[in-house]
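Trainee: I have a model open and would like to talk it through with you. Can we look at it together?

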Amino acid sequence: MSRLIVISNRVSRPNGAANQGGLAVALAQALRESRGIWVGWSGGTTDNFTGHIGFADDDGVKTATIDLEEQDVDEYYNGYANKTLWPLFHYRIDLAEYARDFEGGYNRVNQRFADTASPLIEPEDIIWVQDYHMIPLGQMLRDRGHQNRMGFFLHIPWPPTRLLVSLPHHTKLVSTLFAYDVIGFHTEEWLESFRHYVEREMGGTVDGDFVTVGGRTIQAVACPIGINAEEFKQAAASDAAVEMHRQVRASLQDRSLIVGVDRLDYSKGLEERFNGYARFLKDHAEHHRRVVLAQIAPPSRGEVESYQQIRATLDSLAGRINGEYSDVDWTPIRYVNQGYPRDKLAGIYRSARIGLVTPLRDGMNLVAKEYVAAQNPDDPGVLILSRFAGAAMQLKDALLINPYSPEEMSDAIDRALAMPLDERKRRWRAMMDSVEQQDISWWRSAFTDRLAATRQEEPEAEPEPATE
Ligand SMILES: O=P(O)(O)OC[C@H]1O[C@H](O[C@H]2O[C@H](CO)[C@@H](O)[C@H](O)[C@H]2O)[C@H](O)[C@@H](O)[C@@H]1O
Ligand SMILES: O=c1ccn([C@@H]2O[C@H](COP(=O)(O)OP(=O)(O)O)[C@@H](O)[C@H]2O)c(=O)[nH]1
C-alpha cells in the first residue's frame, strides 16, 4: 500500500479545537489508516519565514507544519483564499475582492508549501492536495520534478463559468489543475460546472470522467465526502453526550428544540435562517413558548470584514427577534458563539427535534450528516436541509427547502414539528443508510483507489554510464 501524503491549509490535531471545520475533522482518520504524513500550516506566525518544519505525531497522525509570516496570512489565507476565492466560489461576487497582492501572496505561500513538502516525498507516495487554498501546488511540485500520482479535492462548490470569468487570470489558475491526475468534487453539479468552464474557456474536451486540455488528460470525478458514522453514533452514546443531552432537555422544560450548528460564515445562511424562524413565529402563534432555536455559531475568519459584518448583523437580528417574541420565562433564540467538542455536539443534536441546516451554498455540509447519525433510531428528529448544500444530493429524505424563502422555512418547521413518528423513522432510516454507506472511509477509498489506479509515469531513465 502506497503511503499517502495529504497537503492542506489546515492541519488538525485529532483532539484539537472545538470549532475545527469539517475538512480537518474528516482527514485525521484517513491518514491514521494509511500511515501517511499531513503537511500544512501550523496556524502560527513567524517574523521571518525560515522554512523550519515542525514534526509531530498526534494520536497516530504524523504532521509536518510550517509557520507563515503575518503578510502571508493576510495575503494568502485572509486575502486570496477567503476574500477572493471563497466568496466567488460560493456565488458571492459582490463580496469578492480582486487584488494583485492577494494573488502574489497566494502563489508565494503555495511555493513555500511546495518547498516544505518536496523533500518529504518519496517516488511511490500518493499525494493528495486539499481545497481552494492550494490549487496551484500540484503544478509547483511537478516543477520540482515529482512524477508521483497526484490528486486534488475541492471541498467547496465550483462556480458557474459566468461567475468564474470575473476572476483575473482565471484560466492561468484553472490550468494548474491539469498537473494533477485526478481531481474531485463533492457533487455532479460542481463537476458539471468545471467541465463547462474547461470546454468554454479552455477549448478542452470531455469524455466521461476524462477531461483533456492541450494534450494533457486528467480524470475529474464527483465523490461526496462522508462522516465517520460509526464513531459519531458512539459519540452520541458517550457520557459527555448523555450529560449534554440531559442538561439541554432540562433547560427546555418540554419545549421542542431546533438546532443549527455552523461556523459563523455568510455562506451558511444564518441571517436567512433567523428570518425564516421569525416568519415561523409570526405565522404560528400556537407554537410560541413551545419551541426554542439554539444556534451554535463559533466565530470564523474574524479578520475578514465580511465575517465581521455577518457577526454584527446576527447579533442585532437575534436581539431583535428575541426582543419581539420573548417572555419573562421564554427566549425563542439561544444564540451561542462558542464551539463545542463533537461528543457534546452529538448530545445537542440528539436533543433536537429539528436539525436546521440552511446554507445558501455549501460544498457538502457535514453537520447535516452528523445530525442524522446522532439521532435516536426509536424517536429520530427531522432534518430540514437547504437544496443548495452538497449534502442535499444524498439526503433526499430531509425536508428540502429554498433557504432564501422565509415562507418555505416556516412551513417546513411547522411540518417537522407535526411529523408522525412513522414518517420520521422512515425518512431517518433512508438518510442513515446513505450516511453509513458513503461514510468517510468510503470517500477516502473512492478517491485514493481511483488515484492509485492511474498509471504512474515512468521515471526518466538514468543516462547510461559512458563507456571508454
Ligand atoms: O479552515 P477554516 O478557514 O477555519 O474553515 C473550515 C473549513 O471550511 C471549509 O469546509 C468545507 O469542507 C467541508 C468538508 O468537505 C464541507 O462539508 C464544507 O461544505 C466546506 O465548506 C473549507 O473548505 C475547509 O478547507 C476549511 O478547513
Ligand atoms: O462547535 C462546533 C461547530 C462545528 N464543529 C464541526 O465542524 C464541522 C463543520 O463542517 P461542515 O462541513 O458542516 O462545514 P465547514 O465548517 O467545514 O464549512 C463539523 O464536523 C462539526 O461537527 C465542531 O466540532 N464544533
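Trainee: Which domains does the shell around ligand 1 draw on?

Mentor: The shell takes at least three residues from each of domain 1 (4–226 + 442–453) and domain 2 (229–437), with bounds that come from an automatic or database domain assignment. This is a predicted model, in which local features need pLDDT of at least 70 and side-chain atom pairs count only at pLDDT 80 or more, while totals for chains, interfaces and linings use all residues. Residues are numbered from 1 along each chain as its sequence is written, chains are lettered from A and ligands numbered from 1 in the order in which they are written, and side-chain values use heavy atoms, with hydrogens and water left out.

Trainee: How many residues surround ligand 1, and which are the closest?

Mentor: There are 20 around ligand 1, the closest being R10, Y77, D131, H155 and D362, where a residue counts if one of its heavy atoms lies within 4 Å. By class, eight are nonpolar, seven polar and five charged, with Ala, Val, Leu, Ile, Met, Phe, Trp, Tyr, Cys and Pro taken as nonpolar, Asp, Glu, Lys and Arg as charged, and the others, Gly among them, as polar.

Trainee: Switching topic, how many residues of domain 1 and domain 2 are in contact?

Mentor: On the domain 1 side 27 residues contact 26 of domain 2, contact meaning heavy atoms within 4.5 Å. The C-alpha centres of the two domains lie 30 Å apart.
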